[in-house]
Amino acid sequence: MSRPPASKSGSTGQMIETAIEKALDPLASALKRATQPSSAKAAPGKPGLMVSPLAVPFPAIPPIGGVEIATARAGFYKHERDDLVVFHFPEGASCAGVFTRHKVGSAPVDWCKRHLDADKGGEDVKVLVVNAGCANAFTGKAGADAARRTASEAAKRFGCRQRDVMLASTGVIGVVLDDAKISARLPEIEAGLKADAWAKAGVGIMTTDTFPKGSYAECEIEGVKVRIAGIAKGSGMIAPDMATMLAFIVTDADIAPPVLKALLNLHVRTTFNSVTVDGDTSTNDTALLFATGASGAPRIGRVGDRRLKEFSAALDRVMLDLAHQLVKDGEGATKFVRVTVDGAASPASARKLAKSIADSPLVKTAIAGEDANWGRIVMAVGKTEEAVDRDRLAIWFGPHTAAIDGAPAPDYDEAKMSAYMKNSEIDITVHVASGRASATVWTCDLTKRYIEINGDYRS
């Protein structure tokens, strides 16, 4: 493992002592942080979790024309909390979704994909039912039947077809959804629908999240103001191959389902698909985008319509904001890390290299220990078998050069590097000198709290 050259001044004993101090410093820093009394407040989700030090305040989200939201406690959790969220949409609302590519997808994922892929799928979607605490994944026919009954009861309650109901679940895998708990709460849900319940919805879909995640943006379509709002949940099992664990975005623009789908596919690669917490992909990953048409803006029915330019940029901001919040709430996270790889042979190669760095437990634990161990970056780059020019490889931590031209930087400054690693946000840039492509992936550090949270997940 490469290290910056040590000073040749001083006695051999002093050199050994200095080396030991440097080696122990990251461990000492990590232990110090772990044993200091926590001033963090308790999270609103699972008992015993403290709010992430990287937490982002939930934004002020005004009502989005046409959508009403309600939450209730269905009882999927033992402790007192809302774990059921329902969105109600007006006649003519559109919907599109992207989903996990996990080979063991959940019953709600199967339900949504089937109906959105059907003829005229995504037209006239009326209801979204979301539960936390039970993933209803790997549950076979019993789980599929529970999903169908949930959609059927919601359809009866809100006067629509079953296909007009979208479903999403999150929680423990391998447990069949007790849909009776949902149907029992639907009268309460219907009576409690409100246009300004975004914050409650953000809390209602949480599992091991330590703060609710929301985002909001405005833009114009042909001079008419339109609004975009979204919530997401996710803290662990975040390495999506489509979107994120759960994300629901609503706009009052009037956009046809095929256009919504194109917009989702366009932006998902550089937002939800470019974050990772632990390298594991969920069985339930779902991102749904709804358009109510209540803004009065002209209807957009063609992919590539130039009137969508500003809307597309605003949607990207909302999706990227939510994606960043997922990383900032990574289980046990104390550092928000941006990994950029440039000079790659292709965009796919750049992305693979960046993901290799961001997913590496050795890289992530070094960051947790505030150790600028750039040798671990070299390891993560080299193991991918992507095109890399070893003799021109360069690595930066923020503005500080760790390596240049395939060797330790001549001006490497351990003190400045160590000081930089104490920041809560870390930038790592790697130039692989094999082309002109680049990619950015966002991740977090890996601490002992990740083990504690996941070792106790089902309690």
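How many aromatic pairs does the structure hold? The count comes to four aromatic pairs, and the views below zoom in on some of the rings. Keep in mind that this is a predicted model.

**View 1. F87 and F248 make a tilted pair.** Two numbers are handy here: a pair of aromatic rings is described by the distance of the centres and the angle of the planes. For F87 and F248, the centres are 6.4 Å apart and there are 50 degrees between the planes. This pair links distant parts of the chain, with F87 in strand β2 (residues 84-88) and F248 in strand β8 (residues 246-251).

**View 2. F89 and F290 make a stacked pair.** Why is this pair called stacked? The planes of F89 and F290 are at 15 degrees, with the ring centres 4.3 Å apart, and planes under 30 degrees apart count as stacked. Here, too, distant parts of the chain get linked: F89 is in the loop between β2 and β3 (94-99), while F290 belongs to strand β9 (residues 286-291). That puts F89 and F290 201 residues apart. F89 has 0% relative accessibility, so F89 counts as buried. F290 is also at 0% and counts as buried.

**View 3. Ring pairs join up into a cluster.**

**View 4. Lysines sit over rings, as K213 does with F211.** The charged end of K213 is 4.6 Å from the centre of the F211 ring. Now look at K328, which lies over the face of F336. From K328 to the ring centre of F336, the distance is 4.8 Å.

**View 5. T207 and K233 are among the positions UniProt lists for "binding site".** The UniProt entry is unreviewed, and the list also includes T244, E331, N454 and S459. Where does T207 lie? Look in the loop between α6 (198-204) and β6 (213-221). Is T207 buried or exposed? With a relative accessible area of 5%, T207 is buried.

**View 6. K233 has a polar contact with T170.** You'll find K233 in strand β7 (residues 224-233). Its relative accessibility is 0%, so K233 counts as buried. The side chains of K233 and T170 are joined by a polar contact of 3.1 Å.

Terms used. Residues are numbered from 1 along each chain as its sequence is written. This is a predicted model: local features need pLDDT of at least 70, side-chain atom pairs count only at pLDDT 80 or more; totals for chains, interfaces and linings use all residues. Side-chain values use heavy atoms; hydrogens and water are left out. Rings of Phe, Tyr and Trp (its six-membered ring) pair if their centres lie within 6.5 Å; planes under 30 degrees apart count as stacked, over 60 as edge-to-face and the rest as tilted. Helices (H or I, at least four residues) and strands (E, at least two) are DSSP runs, numbered from the N terminus. Buried means under 20% relative accessible area, exposed over 50%, partly exposed in between (1.4 Å probe, protein chains only). A charge sits over a ring if NZ of Lys or CZ of Arg is within 6 Å of the ring centre and within 35 degrees of the ring normal. UniProt positions are given in the numbering used here, feature names are shortened, and annotations may be inferred rather than shown by experiment. A polar contact is a pair of N or O atoms within 3.5 Å; within protein, one must be able to donate a hydrogen and the other to accept it, and residues adjacent in sequence count only if both atoms are side-chain atoms.
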